[in-house]
Structure formats: structure tokens, C-alpha cells
Amino acid sequence: MAHGDTTGGFEKSAGWLDWYDGPTKPTFRLPAGAVDAHCHVFGPGERFPYAPERKYTPCDASAEQLFALRDHLGFDRNVIVQATCHGADNRALVDALQRSGGRARGVATVRRDVTEEQLAGLDAAGVRGVRFNFVKRLVDRVPTDSLEEIVGKIAPLGWHVVIYFEAEDLPELYDFFSAIPTDVVVDHMGRPDVSKDPDGPEFALFLRFMRENTNVWTKVSCPERLSVTGPHALDGQQHAYTDVVPFARRVVEEFPDRVLWGTDWPHPNLKDHMPDDGLLVDYIPRIATTPELQQKLLVDNPRRLYWQEGA
Ligand SMILES: O=C(O)c1cc(C(=O)O)oc(=O)c1
């Protein structure tokens with residue numbers, strides 16, 4: 001069976017691109033203890049069925065395959081984010097956390113009726129946050145009063161909220177996000193349109209959001225999603241995704257203590273190419289240009305947020 005086959009009676013969405021098998025070794029040497037702070041597991045569908053309400057059906061991408069990639073690239077740890085194709089069924093995530101030997105933490109998806117006991121179980125498995133998704137092609141919008149109720153339940157555990165939205169939706173969501181009392185982590189820099197000016201009003205609003213809310217962190221991840229011009233991280237290309245660099249670098253330099261980086265493996269829903277994750281790691285020193293910035297981005301920041309107990 002090929003590496004990305006989906007089993008358990010599931011058929012991949014039309015046009016689905018499987019993750020890249022056989023990534024190169026990065027040229028950039030990750031600092032000791034580096035954390036891949038945004039990645040997913042998919043299924044396998046046979047053991048962990050995809051959710052009925054999902055908007056896409058992926059190829060399988062198991063915990064073992066994720067941990068093999070971690071070791072190959074030179075990461076020490078993972079933060080595994082619940083993918084929307086699993087809805088609020090966190091079993092695949094929890095299984096991966098339990099297999100990681102303490103080397104993975106998780107971000108779950110829960111509904112407003114989640115119980116204290118269920119949250120305690122997730123916490124024991126290594127979950128440290130919940131994800132609220134506002135990307136219309138991925139989920140149906142959940143009313144904000146439900147989300148507020150969830151925040152009230154997770155805050156006592158010391159968890160944070162991960163938010164995923166498109167830049168054009170930030171004006172509408174700005175006040176709701178600013179009122180979240182826990183730490184907040186924005187996925188993929190709030191998906192800026194990188195064909196626009198990094199000094200223009202759209203990205204300025206995102207920078208203002210981070211400046212005004214010192215509890216907000218962001219992942220400077222996913223150049224492969226945001227890039228318009230490429231070049232792609234494929235075929236030995238060492239200067240990939242050049243158009244995203246000024247955006248990510250700006251954020252890393254202004255907020256060095258509130259940035260995280262992740263591979264986004266297995267890169268759900270990419271349409272035109274699938275990156276070589278080794279070359280994707282080689283993108284990091286272009287946005288975090290000194291050893292000090294790299295240490296914060298890859299080691300100190302994710303450990304502070306996800307391994308507070310110092311394990
Ligand atoms: O842009 C996406 O398609 C995407 C999807 C998911 C998910 O389905 O959870 O997660 C991501 O980080 C990005």
C-alpha cells in the first residue's frame with residue numbers, strides 16, 4: 001500500500017495531494033530541543049474514522065509517520081493540532097500523544113457541552129489548548145457564545161486558545177479575539193494576503209492586534225500555503241516562498257517571545273504542490289536570522305507554552 005492511502009472505507013477528496021515521502025535532511029541544523037509546534041495526524045481511518053461533518057477526506061498520516069519525520073528533520077518534540085477532518089473526536093490526537101512518551105502536546109477541538117471529566121482526561125493525555133476555527137472552507141461557524149462557554153471551561157486548566165482565520169475576517173473578529181482572557185495563539189499569522197504590501201493596512205491590523213494584546217502569540221508557519229510566487233520547497237530549492245519572508249520576519253523581530261514555528265505536516269488541502277519538509281525547515285533561518293531568535297522561536301517559546309512543568 002502506498003504511504004498516503006486512505007483505508008477504513010474512506011476515499012480521499014478529489015485532487016488530494018499526499019504528503020511528500022522521502023524528505024531531504026535539512027541543511028539548517030535545528031537547535032537542541034526544537035519543537036515542531038504545528039502538525040497533525042490523520043486517522044488512520046480504519047482505527048480513527050474521519051468525522052461525518054468533515055469538509056475534506058485526507059490521506060492517512062499516522063503518529064508513527066509523524067514521529068519518523070520528527071526524528072528525520074531533527075526536532076525533539078511536536079505540538080499536534082486537532083485537524084478539522086476529525087471534528088471534535090480527539091481519539092487519534094490522544095492516541096498520538098500517548099504514544100509520544102511525553103514528547104508531544106496537543107490542541108483539541110471540543111464542543112460547548114464538554115464535561116470537566118472529559119477535559120481532565122485530555123489534560124492528562126497532554127492537551128494544553130483548544131482550537132477555534134473560522135476558515136469557512138473548513139468548518140461551519142460556531143456561535144461566539146458557545147466559544148465563550150468553552151473558554152470558561154478551559155481557562156481554569158491553564159490552557160490556551162488557538163485561532164485560525166483569514167486576514168479579511170480579522171476586522172469583524174477583532175473585539176471577540178481581544179476579549180479572550182487566556183493566552184491566544186494565531187495560526188499561520190492570520191493568513192495574510194502576501195501579494196499585498198507588508199506595510200499596508202491589512203497586515204498593520206494584525207501587527208496592531210498583537211501589539212495591543214500581549215497574551216497573543218502567533219505561528220509564523222505555512223509559507224507553503226501563503227506564498228503566491230513560490231518558488232516551492234522542492235527539488236533542492238533553497239530560497240523557497242520568498243514573498244512570505246518579509247511578513248514572517250517582521251513578526252519574529254517585533255515579537256520574538258511570542259512566536260512559534262511548525263511544519264504543518266501533512267499539509268492538508270494544498271492544491272498545487274506538496275513541499276519537501278527538509279527544505280521547509282531550511283526556510284526557518286530566513287525569517288529568524290540569528291541563533292538567539294532561532295532559540296526562542298524553536299525551543300524557548302514552545303516549551304514555555306506547552307511544557308510549563310519543565311518535563
Ligand atoms: O488551511 C488548511 O486547509 C488547514 C486545515 C487544517 C485542518 O483541517 O485542521 O489545519 C490547518 O492548519 C490548515
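**Close-up views of the predicted model**

**View 1. Pairing of strands S2 and S3.** Strand S2 (residues 77-81) runs parallel to strand S3 (residues 104-108), and the two are joined over 4 bridges. Within this pair, Ile-80 is placed opposite Gly-106 of S3. Strands and helices are DSSP runs numbered from the N terminus, with at least two residues (E) for a strand and at least four (H or I) for a helix; two strands count as paired if DSSP finds at least two bridges between them. The model is a predicted one, in which local features require pLDDT of at least 70 and side-chain atom pairs count only at pLDDT 80 or more, whereas totals for chains, interfaces and linings use all residues. Residue numbers start from 1 along each chain as its sequence is written.

**View 2. The residues around the ligand.** The shell consists of Ala-83, Thr-84, Cys-85, Leu-138, Asp-187, Arg-225, Asp-264, Pro-268 and Asn-269; a residue is included if its C-beta atom, placed from the backbone, lies within 6 Å of the molecule. By class, 4 of these residues are nonpolar, 2 are polar and 3 are charged. In this scheme Ala, Val, Leu, Ile, Met, Phe, Trp, Tyr, Cys and Pro are nonpolar, Asp, Glu, Lys and Arg are charged, and the others, Gly among them, are polar.

**View 3. Two cis peptide bonds.** The bond from Gly-230 to Pro-231 is cis, with omega near -10 degrees. Pro-231 belongs to the loop between helix H7 (223-226) and helix H8 (245-254). Trp-265 and Pro-266 are also joined by a cis peptide bond, with omega about 0 degrees. Pro-266 is part of the loop between S8 and helix H9 (277-281).

View 4. Met-189, a residue other than glycine, has a positive phi near 55 degrees and lies in the loop between strand S6 (184-186) and helix H6 (201-212). Met-189 counts as buried because it has 25 C-beta neighbours inside 10 Å. Burial requires 20 or more other C-beta atoms within 10 Å of the residue's own, while 12 or fewer denotes exposed and values in between partly exposed, with C-beta atoms placed from the backbone. Cys-222, not a glycine, has a positive phi of about 70 degrees and is located in the loop between strand S7 (216-219) and H7. Cys-222 is buried, with 23 other C-beta atoms within 10 Å.
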